[in-house]
Amino acid sequence: MDEENASPTEFDVIVWGATGFTGKIVVEYLYQTYGNQTDQLTWAIAGRDADKLQAVIDEVGCDKIPYLLADGSDRGSLDALVASTRVVLSTVGPYALYGSLLVGACAASGTHYCDLTGEVQWMRLMIDAHHDEAVQSGAKIVHTCGFDSIPSDLGVHFLQEALQTRGGPPAEQVKYRLVKAAGGVSGGTIASMLNMMDEVAENPKLLTVIADPYALNPLNTVTGQDVNEAATPIYDDVLNQWVGPFVMAGINTRVVRRSHALLGMPYGPGFSYEEGTLIGAGPTGYLKALMASVGTRFGMLLSAIGPTRRLLARFLPKPGEGPERAKREAGFFEVILHGTTGTTGAGQSPGQIQVRVTGDRDPGYGGTAKMIAEAAVCLALDPLKGSGGVLTPAVAMGPELIARLTQNAGLSFEVID
């Protein structure tokens with residue numbers, strides 16, 4: 001069904017990019033969880049190709065879900081699209097190439113927006129261009145609503161809330177450890193990372209933004225002592241394992257730090273946050289962590305060189321490609337966050353807390369699709385506190401999104417120590 005001229009705020013959610021690989025999974029999840037057009041949720045899909053949109057509807061079976069046509073390169077077309085909905089959910093990346101006009105349209109109209117970007121340089125651009133405008137319009141612009149960076153951002157939020165419930169001080173230091181995960185690497189994520197390298201090659205000043213541990217913090221705010229993640233193995237003396245790099249740490253850490261700043265730094269001006277992957281114990285664990293560190297650095301070096309980067313792009317997964325359903329459904333992830341509090345009085349030792357965050361699908365596709373879908377529904381339907389702006393998942397939605405993810409999307413958040 002062609003709904004080019006939908007009436008204002010006719011829909012709760014519009015999925016922009018529904019014909020892409022991840023977009024189709026989002027459509028499947030929304031249909032399975034919320035059904036066709038109902039009093040529970042009114043939603044639609046959108047793009048520029050009517051035949052492809054209709055093919056998605058036919059494949060998924062959501063025959064009562066309308067499609068809307070819009071041109072992502074035409075601001076007027078996007079203005080008309082966002083005026084018809086409470087929330088736009090975008091899976092169209094690299095966002096630095098295809099996302100700026102849509103964010104601008106949402107910020108101007110007061111329409112909430114969520115996406116899957118991990119492009120730090122583009123997020124900084126959107127903050128500078130649209131944060132104040134979104135504050136005025138009431139639009140909540142929420143990046144990183146997938147595996148980057150919901151387990152990190154909401155995990156820290158959950159940990160600190162658990163400490164508050166205990167009546168103790170907040171954690172001044174939190175360490176995120178990826179324990180295990182299974183699933184394919186997202187072609188969209190790879191494309192975004194390669195595009196970021198292309199942008200740096202054209203504008204080396206962007207490297208300063210990407211390398212800044214506080215790149216996403218509001219300007220002129222106090223920063224802590226965090227630095228970029230270690231290039232060599234480190235030993236986690238709480239979990240008693242060697243830790244190697246986590247490929248998404250450069251995104252997630254900056255999102256968590258922005259959350260802390262936007263909330264008014266409730267965990268203290270010296271709050272510290274870092275991420276890594278648990279590798280193993282003993283000499284074997286050290287060697288594996290060392291190999292992981294060397295491999296990560298070598299990969300970054302190769303991707304920084306133009307000809308090598310273009311060669312890698314020929315062999316790595318591309319946007320629109322991904323694992324088959326069976327592999328996605330067999331995937332999972334497990335993360336442990338360990339927090340250390342300050343002392344509550346003279347002679348007292350710092351307190352400790354550990355929380356576990358898990359998901360029951362591969363993080364790159366199945367898990368991410370469920371996370372962004374629930375984020376969009378949360379923005380559309382839940383009575384959220386706070387003003388608009390370019391926000392983070394924790395600041396925009398916090399406990400409301402945790403509740404939806406645990407109830408509907410196969411995630412769990414639990415205190416384990």
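Strand S11 (residues 332-341) has nine of its ten residues buried, so the rest of the structure largely encloses it. Buried denotes under 20% relative accessible area, with a 1.4 Å probe and protein chains only. Strands are DSSP runs of E with at least two residues, helices are runs of H or I with at least four, and both are numbered from the N terminus. The model is predicted: local features need pLDDT of at least 70, side-chain atom pairs count only at pLDDT 80 or more, and totals for chains, interfaces and linings use all residues. Residues are numbered from 1 along each chain as its sequence is written, and side-chain values use heavy atoms, leaving out hydrogens and water.

Strand S7 (residues 171-182) runs antiparallel to S11 and is joined to it by ten bridges; pairing requires at least two DSSP bridges between two strands. Within this pairing, Val335 in S11 stands opposite Leu178. S11 is also antiparallel to strand S12 (residues 352-359), with eight bridges between them; Gly339 has Ile353 in S12 as its bridge partner.

## Aromatic contacts

The structure contains nine aromatic pairs, counted when ring centres of Phe, Tyr or Trp (six-membered ring) lie within 6.5 Å, with planes under 30 degrees apart termed stacked. Tyr176 and Phe246 form a stacked pair, at 5.4 Å centre to centre and 25 degrees between the planes. Tyr176 belongs to strand S7 and Phe246 to the loop between strand S9 (241-244) and helix H10 (249-262), so the pair ties together parts 70 residues apart in sequence.

Notes. Buried means under 20% relative accessible area, exposed over 50%, partly exposed in between (1.4 Å probe, protein chains only). Rings of Phe, Tyr and Trp (its six-membered ring) pair if their centres lie within 6.5 Å; planes under 30 degrees apart count as stacked, over 60 as edge-to-face and the rest as tilted.
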